[in-house]
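Please open the model in a viewer and keep the sequence panel at hand.

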Amino acid sequence: MRIVGLTGGIASGKSTVSNLFKANGVPVVDADLVARDVLRKGTGGWRRVVKAFGEEILQDDGEVDRAKLGQIVFSDPSKRQLLNKLLAPFISSGIFWEVFKLWMKGSKVIVLDVPLLFEAKMDRWTKPIIVVWVDPETQLQRLMKRDGSAEEHARDRINAQMDLDDKRRKADVVINNSGSLEETKEQFRDVLVQVLSPLSWTEFGLSRGGAFAALAFVIVGVLACRSIYNNNVTRS
């Protein structure tokens, strides 16, 4: 099984590339969706976050007000680190479970869409690593337009994340999303060919098909040894 890492920065266009994978039939595990699930009312993640940040972050229905929580953590690095620490175990187990379900279905290629791929040290489990990069000014303008936020607030949110140039240096593949959507799609087509290339023997061994093949090999080996043993016994 090939687990592809997909990451980027806020307003870099990572979700656009993620959707392109989905549109081409490649299953995607979205860490943001997993994070929403682990923060739902009554979950272990919800209890930890409410205990740490107080009930003022809750909406009237008891769910976490994600916008309010975001304002708190983006303006305070220590609180952002605390939030990541509280939710990391739940998000990691949630991602593992989603990958396992896809493995059981026989998926040979899975994309992990994880904003904090490097920060969470999940890059060690993925190959290749795709970084969706955008130039700083384009990133700023897109974020301000998308969220209707002031420039200072938008810069704070961008600066709260790992620098995109640092991510680009760690990448196996870079998609430059500074231009038009069509230019991004053109780059994606080349990336898709690479992602869907034949699995290596190691990757095949990690797939469900590889596991079944290994099991079949073991069974055949056991039966062959048993046959040889029985022949030797009858001859003696």
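Begin by selecting β1 and β4, which pair in the parallel sense over four bridges. Helices (H or I, at least four residues) and strands (E, at least two) are DSSP runs, numbered from the N terminus, and two strands pair if DSSP finds at least two bridges between them. Within this pair, glycine 5 has isoleucine 129 of β4 as its bridge partner.

The model is predicted, and local features need pLDDT of at least 70, side-chain atom pairs count only at pLDDT 80 or more, and totals for chains, interfaces and linings use all residues. Residues are numbered from 1 along each chain as its sequence is written, and side-chain values use heavy atoms, with hydrogens and water left out.

Next, stay on β4 and display its side chains. Five of its five residues are buried, where buried means under 20% relative accessible area, exposed over 50% and partly exposed in between (1.4 Å probe, protein chains only). Ile129, Val131 and Trp133 lie on one side, with Ile130 and Val132 on the other. In a regular strand the side chains alternate between the two faces of the sheet.

β4 and β5 pair in the parallel sense over four bridges, and the partner of isoleucine 130 in β5 is valine 173. On the other flank, select strand β1 (residues 2–8) with strand β3 (residues 109–113): they pair in the parallel sense over five bridges, including the one joining isoleucine 3 to isoleucine 110 of β3.

In which order do the five strands of the open sheet stand? The order is β2-β3-β1-β4-β5, with parallel pairing. β2 (28–30) and β5 (173–176) each have a single partner strand, so one side of each is left without a neighbour in the sheet.

Select helix α1 (residues 14–23) next. This helix lies across β1, β2, β3, β4 (129–133) and β5, in contact meaning heavy atoms within 4.5 Å, and runs at about 150 degrees to β1.

Proceed to asparagine 177, in the loop between β5 and α9 (181–195). Asparagine 177 counts as buried because its relative accessibility is 7%. Leaving aside residues up to four places away in sequence, asparagine 177 touches Ser12, Gly13, Val132, Trp133, Val134, Arg142 and Thr184.

Finish at methionine 104, which is found in helix α5 (residues 77–104). Is methionine 104 buried, partly exposed or exposed? At 42% relative accessibility, methionine 104 counts as partly exposed.

Terms used: Axes are lines fitted to C-alpha atoms, for helices over the stretch in contact, and angles run from 0 to 180 degrees between N-to-C directions.
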